[in-house]
Amino acid sequence: MDKKELRRHLLQKRKLLSPELREAFSQRACEWMLDCEELKKAKVIMAFHPFGEELDILPFVEEVRKRGGEIWLPLTISAERRLVPYRYDGPHMLKQGVYGIWEPDPAKAVVMDCSRLDAILVPGVAFDLRGGRMGYGAGYYDRFLDGLSHSHRPFLLGVGFSLQVVDEVPLEPHDILLDGIVTEEGCFHS
C-alpha cells in the first residue's frame with residue numbers, strides 16, 4: 001500500500017471508532033502518558049490540540065498543567081508551512097486556526113524557545129514500532145522536528161490509537177524517527 005492509500009485506509013478506520021470507544025481509548029492513552037517516565041521528568045512538553053477523530057490528549061494536558069508542568073501548543077503558519085510553539089495557559093487563549101484546529105492566538109500567547117523543550121507529543125495517521133510516523137501529508141511536523149537543535153533533542157512521542165500502528169510506515173529520507181508511541185494499549189519505545 002502506498003502512502004496515499006495507507007493514509008486514506010487508516011483515516012477511514014479511525015473515523016469508524018464510536019465516540020464511546022474513542023473516549024475510552026483516549027482516557028487509557030492519557031493514563032499511559034501520565035505513567036511514562038520521560039514525560040514525568042519533562043518540565044516543558046509541546047502537545048497538540050486534537051481535532052476530528054484524533055485521540056483526545058486534553059485530559060493529559062490539563063493534568064500536566066495542574067501538576068505545574070508547562071505545556072506548549074503549535075500555531076500553524078500555512079503560508080510558510082511551519083509550526084510555531086506558544087505557551088498554553090488555558091482555552092481562553094485559543095482561536096480556531098488552519099484546518100479548523102484550535103491553536104494559540106498570537107495576541108494572547110507567548111512564542112517559546114524550542115531549546116527549552118523536554119518532550120513533544122506528535123500526532124499522525126500511521127506509526128510503527130521502530131519510530132516511523134506518517135502525518136497528514138503537509139510536512140509541518142517533519143519540518144518542525146528537523147529544525148530542532150540536534151544537541152538538545154527532546155523526547156518525541158507519537159500519539160494515536162492502536163489501529164494506527166502498522167508493521168512498517170513507508171519512510172522518506174527526511175523523516176525523523178520518533179522515540180516511542182503511545183496508544184490505548186501502552187507506551188512503546190522505539
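**Entry 1: the largest pocket.** I looked up the largest pocket and found 28 lining residues, with R133, Y136, A138, Y140 and Y141 nearest its centre. A pocket here is an open set of points on a 1 Å grid over the protein atoms alone, where a 1.4 Å probe fits, with protein on both sides within 12 Å along at least five of seven lines; lining residues have an atom within 4 Å of a point. This is a predicted model, in which local features need pLDDT of at least 70 and side-chain atom pairs count only at 80 or more, while totals for chains, interfaces and linings use all residues. Residues are numbered from 1 along each chain as its sequence is written, and side-chain values use heavy atoms, without hydrogens and water.

I noted a volume of about 570 Å³ for this largest pocket. Its lining divides into 14 nonpolar, six polar and eight charged residues.

**Entry 2: the second largest pocket.** Its volume is about 160 Å³. Among its lining residues I found M33, L39, I45 and F60.

**Entry 3: the core.** Which residues touch the most other members of the largest nonpolar core? I found M33, L39, I45, I57, F60, I120 and L121, out of 52 residues. Such a core joins buried Ala, Val, Leu, Ile, Met, Phe, Trp, Tyr and Cys residues through side-chain atoms within 4.5 Å, where buried means under 20% relative accessible area with a 1.4 Å probe, protein chains only. A second, separate core of seven residues includes L6, V125, A126 and V169.

**Entry 4: I45.** Leaving out residues up to four places away in sequence, I45 touches (heavy atoms within 4.5 Å) L39, F60, V64, E70, I71, W72, L117, A119 and L121.

How values were computed: Buried < 20%, exposed > 50% of the residue type's maximum accessible area, 1.4 Å probe, protein only. Points joined across faces, edges and corners; volume = space filled by probe spheres on them. Nonpolar A, V, L, I, M, F, W, Y, C, P; charged D, E, K, R; others polar.
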